[in-house]
Amino acid sequence: MSNRHTIPLVFTDEVRDALRTGRPVVALESNVITHGLPYPDNAATARKVEDAVRAGGAVPATICIDAGEIRVGMTDADIERFASLPGIPKVSSRDMPVVLAGGGPGATTVASSVVAAELAGITWFSSAGIGGVHRGAQDTWDVSSDLIQFTRSRTAVVCAGAKMILDLGLTLEYLETQCVPVVSYRWDDFPAFYCRTSGHRAPHRLDDEHAIARAAEAHWALGNHSSFLITTPVREEDAIDSAEVDTAIREAVTAAARDGVTGQGITKYLMHAVDAATRGRSARANMAVLASCAEAAGRLATAHAQHLAERAQKS
Ligand code: PSU
Ligand code: MN
C-alpha cells in the first residue's frame, strides 16, 4: 500500500478536476500567510498570489494542515482563518507527522509543502523565498530543512532565490553538493528575494519555458528523485537595492544572537527586523515578489503540461 492511502489528502474541487484532466497546477505554501505578513495584508496577498498563478495559466493549490488532513487547495474561508488566527504553528517536514496526529491546524513551509505536493501529484511549487544556509551556520548548524527536502522530493520549485538574511553563497554551494539543479529564468544572477541579485551568478540560465520543462523532465529521467529549482527575479520597479537592506540585516543578525533567538523562530525574527528597518518598504516588495514568482510558475507549469501532452501523443 502506498502512502497515498494512509495520509488523508483533501482537495478542493477545482484542484482535483485540474489534476484529473492534466491541467497545470501550482502548489503554494501557507507559512507565508501565518508567519510572513501581518493581517489583513497576509490574506489579501494570499489571494493575489493565487490570482497570479491563474494569470500564468495554472490552477493554484495553497497547502495547509488541518484536522489531521493535508489540504490541497485552501478555500477563501480557510485563508481568512489562517491569516487572522494567532498561534498557528509553522510546520516543516519534521513537524508534519506530529501535527497530523495532533489534529490541529499547521502552516506549511517550503519543505512540508513540497512533501504534500508530491503526495498530491502536483509537480510545480512556487515560493518567493526558499530557506537556506543561515549566516553563521558554521557555529549554529542552522541549515533550512527546505534544502534537505529538495534532495528528496520530485518537484519543480520556482522562487526568487532566497533572502539576504541567509548566506546565499553557502546556500548555492549546498545545492551544488546535493546535485540540485538551479536554473535562472531570463536572468544571469541568483536573485535575493526582493533584490534582483545576490552578487552570485546562477549556475545556469534558460530563457524559454519549454526548454525549462524539458530540462526538468531530463533531471527526473536521469534517475534523480529530487527537486529542480528555477529562479526568477522581482520586477525592476518593485526591487530593493541590496545595499539598502544590508546594514539592516547585519544589525538584525547581531540582535538575534544577543537575544538568543535560534532555531525555528529566527527566520521570522530577522524578516520582521528588516521590515521595521525599511519602514514597510520590504513588506511591499515582499508582496510583489510573491506574485511575480507565482505568475512565472503558472507559465512554466503550463509549458510543462503542454510538453507532457505532446510526449503522450507521440508515444
Ligand atoms: N524565507 C523567506 N521568507 C519566508 C521563509 C523563508 O524569505 O517566509 C519561510 C518559508 O516558509 C520557508 C521557511 O520554507 O521560512 C524556512 O524556515 P527555516 O529556515 O526555519 O527552515
Ligand atoms: Mn532553521
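Author: Start with helix H10 (209-221) in this predicted model. Its buried residues pack against strands S7 (124-126), S8 (156-159), S9 (182-185), S12 (204-206) and S13 (228-231), and against H13. Contact means heavy atoms within 4.5 Å; helices (H or I, at least four residues) and strands (E, at least two) are DSSP runs, numbered from the N terminus.

Reader: Which residues of H10 are buried?

Author: Glu 209, Ala 211, Ile 212, Ala 213, Ala 216, Glu 217, His 219 and Trp 220. Buried is under 20% relative accessible area, with a 1.4 Å probe and protein chains only.

Reader: What span does H10 reach?

Author: From first C-alpha to last, its 13 residues reach 18 Å, close to the 18 Å expected, taking 1.5 Å times one less than the number of residues.

Reader: Switching to the core. How many residues are in the largest one?

Author: The largest nonpolar core has 84 residues. A core joins buried Ala, Val, Leu, Ile, Met, Phe, Trp, Tyr and Cys through side-chain atoms within 4.5 Å. Ile 70, Val 72, Ile 122, Trp 124, Ile 130, Phe 150 and Ile 230 have the most contacts inside it. Helix H13 (281-314) gives the most to this core, nine residues.

Reader: Now voids. How many cavities are there of 30 Å³ or more?

Author: Two. A cavity is a set of points on a 1 Å grid over the protein atoms alone where a 1.4 Å probe fits but cannot get out, lined by residues with an atom within 4 Å of a point. Volume is the space filled by probe spheres on points joined across faces, edges and corners.

Reader: What lines the largest cavity?

Author: It holds about 150 Å³ and has 15 lining residues, with Glu 29, Val 32, Ala 46, Val 49 and Leu 290 nearest its centre. Helices H2 (31-36) and H3 (41-55) each give two or more; H3 has the largest share, five.

Reader: And which residues line the second largest cavity?

Author: Lys 163, Met 164, Ile 165, Tyr 194, Val 245, Ile 249 and Val 274, around about 30 Å³ of space.

Terms used: Residues are numbered from 1 along each chain as its sequence is written. Chains are lettered from A and ligands numbered from 1 in the order in which they are written. This is a predicted model: local features need pLDDT of at least 70, side-chain atom pairs count only at pLDDT 80 or more; totals for chains, interfaces and linings use all residues. Side-chain values use heavy atoms; hydrogens and water are left out. On a 1 Å grid over the protein atoms alone, a cavity is a set of points where a 1.4 Å probe fits but cannot get out, and a pocket is an open set with protein on both sides within 12 Å along at least five of seven lines; lining residues have an atom within 4 Å of a point. Buried means under 20% relative accessible area, exposed over 50%, partly exposed in between (1.4 Å probe, protein chains only).
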